[in-house]
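Please open the structure in your viewer and keep the selection panel at hand.

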Amino acid sequence: MSIRPWRDIARRECRQIMVGNVPVGGDAPVTVQTMTNTPTADAAATIDQIRRCEDAGVDIIRVSCPDTDSTAALSQIVRAAQVPIVADIHFHYKRALEAADAGAACLRINPGNIGSSERVAEVVRAAKANGCAIRIGVNAGSLEKDLLEKYGEPCPEALVESALDHIKLLQDHDFHEYKVAVKASDVFLAVAAYQQLAEAVDCPLHLGITEAGGLIGGTVKSSIGIGSLLWFGIGDTIRVSLSAEPEEEVRVGFEILKALGIRNRGVRVVSCPSCARQGFDVIRTVQALEERLQHIRTPMSLSVLGCVVNGPGEARETDIGITGGGNGKHMVYLSGVTDHHVQDADMIEHIVRLVEAKAAEIDAADAAAKLAAE
């Protein structure tokens, strides 16, 4: 137990698998995924989008492979990517074979919808031969007809039964390098299904609220659903599904992990909603700083508060802080201690330079500590 036990999360124990060179499950960090929305056959456009997601910090990227043109482009995409690539396959088992041969680190399939047992066996053989993991993806919107007839509607029990049926198909072929998702657009349904599945299996779980919506609505739904499960200790990799660019999914995913203290990357901003007491335009300042500081990967904290009511208290808990003052003159805090003032006109550039310098200082200290430990 830590010194702040109310922050402790007891993570569910499970097996670990490898997706390329990224461990998923066990004691590995919870990873963040997204999916490209460019035509996969357009390798250049897809690689460009992957690069933006990599800059945002993504750990694993999925691309859809609906046809031979897509799988033909996959080997070029895999070579260009710096993170493992998951090939999304539906119905056509030959696309899975082609994707495995093209270097996909993981195949996203439902074994039950790609045909006969022999076809499943072919996919498993290709996965084994190429070192591919498999992600079973159950979705409330595409449940099997027999399960819908049995249960009357998508429900947690139906999603879990579907997942277990697909798992059995892989286990019957002695394949165990798999992870599972039971997604739904209904937050209650998804959370309940994941809770039941977590008790029934020992494999890693891929979390997501599917078809969650646009940037704001989808972020809220995903934060409630994925955040609740992670707080329960359930989940080993996450994908925030938004009707937005994939790099936005990555940023939201990391914000969920940061809010729970599960994983830290980049600048965690503490800021007030602003009011008539504000000494500067807090909203626009935060927007500008978040945009300017996206390149920072070092975990650190920044407080931006418009006045002295809560500003000094929040600044004491952050690496860098700024509190609004009168006459366009604002107080800057370093490591929780009042340090100097800055004028309105120089504030954003000044804070960016301070954050960059602090990140370099933290990185140097970490490198020195690592060197001393070797």
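A salt bridge is taken here as a side-chain nitrogen of Lys or Arg within 4 Å of a carboxyl oxygen of Asp or Glu. The model is a predicted one, in which local features need pLDDT of at least 70 and side-chain atom pairs count only at pLDDT 80 or more, while totals for chains, interfaces and linings use all residues. Residues are numbered from 1 along each chain as its sequence is written, and side-chain values use heavy atoms, with hydrogens and water left out.

**Stop 1: salt bridges**

Side chains of opposite charge can pair when their charged atoms come close. By the rule above, the count is 19 salt bridges.

Select Glu118 and Arg125, whose side chains meet in a salt bridge with an N to O distance of 2.8 Å. For accessibility, buried means under 20% relative accessible area, exposed means over 50%, and partly exposed lies in between, with a 1.4 Å probe and protein chains only. Glu118 is partly exposed at a relative accessible area of 45%, and Arg125 is partly exposed at 47%.

Next, select Asp281 and Arg284, which form a salt bridge whose closest N and O atoms are 3.3 Å apart. Asp281 is partly exposed, at 34% relative accessibility.

Move to Lys358 and Glu361, which are joined by a salt bridge of 3.4 Å, N to O. Helices (H or I, at least four residues) and strands (E, at least two) are DSSP runs, numbered from the N terminus. Lys358 and Glu361 are 3 residues apart in helix 12 (residues 347-373), and are therefore separated by about one helical turn. Lys358 is buried, with a relative accessible area of 14%.

To end this stop, select Arg11, Arg12 and Asp236, which are linked in a network of salt bridges.

**Stop 2: a helix pair**

Two packed helices are described by the angle between their axes and the distance between the axes. Axes are lines fitted to C-alpha atoms, for helices over the stretch in contact, and angles run from 0 to 180 degrees between N-to-C directions.

Select helix 7 (residues 187-200) and helix 8 (residues 215-231), which pack at an angle of about 20 degrees with their axes 10 Å apart. Angles under 35 degrees count as roughly parallel, over 145 as roughly antiparallel, 65 to 115 as roughly perpendicular and the rest as oblique. Helix 7 and helix 8 are therefore roughly parallel to each other.

Which residues make the contact? Helix 7 contributes Val187, Val191, Tyr194 and Gln195, and helix 8 contributes Lys221, Ile224, Gly225 and Leu229; contact means heavy atoms within 4.5 Å.

**Stop 3: positive phi**

Most residues other than glycine have a negative phi, and most peptide bonds are trans. Select Asp174, which is not a glycine and yet has a positive phi of about 60 degrees. Asp174 is in the loop between helix 6 (156-171) and strand 8 (178-183), and is exposed at a relative accessible area of 52%.

Then select Glu211, another residue that is not a glycine, with a positive phi of about 45 degrees. Its place is in the loop between strand 9 (206-207) and helix 8, and Glu211 is exposed at 57% relative accessibility.

**Stop 4**

Select Gly253 in helix 9 (residues 246-259), a buried residue with a relative accessible area of 0%. Not counting residues up to four places away in sequence, Gly253 touches Val32, Ile238 and Val240. The C-alpha atoms of Gly253 and Val240 are separated by 6.0 Å, and the two residues are 13 residues apart along the chain.

Continue to Ser303 in strand 12 (residues 300-305), which is buried at 1%. Beyond residues up to four places away in sequence, Ser303 touches several residues, including Val270, Glu314 and Ile322.

With residues up to four places away in sequence not counted, the residues touched by Gly306 include Cys272, Phe280 and Gly324. Gly306 and Val332 are 26 residues apart in sequence and 12 Å apart in space, C-alpha to C-alpha.
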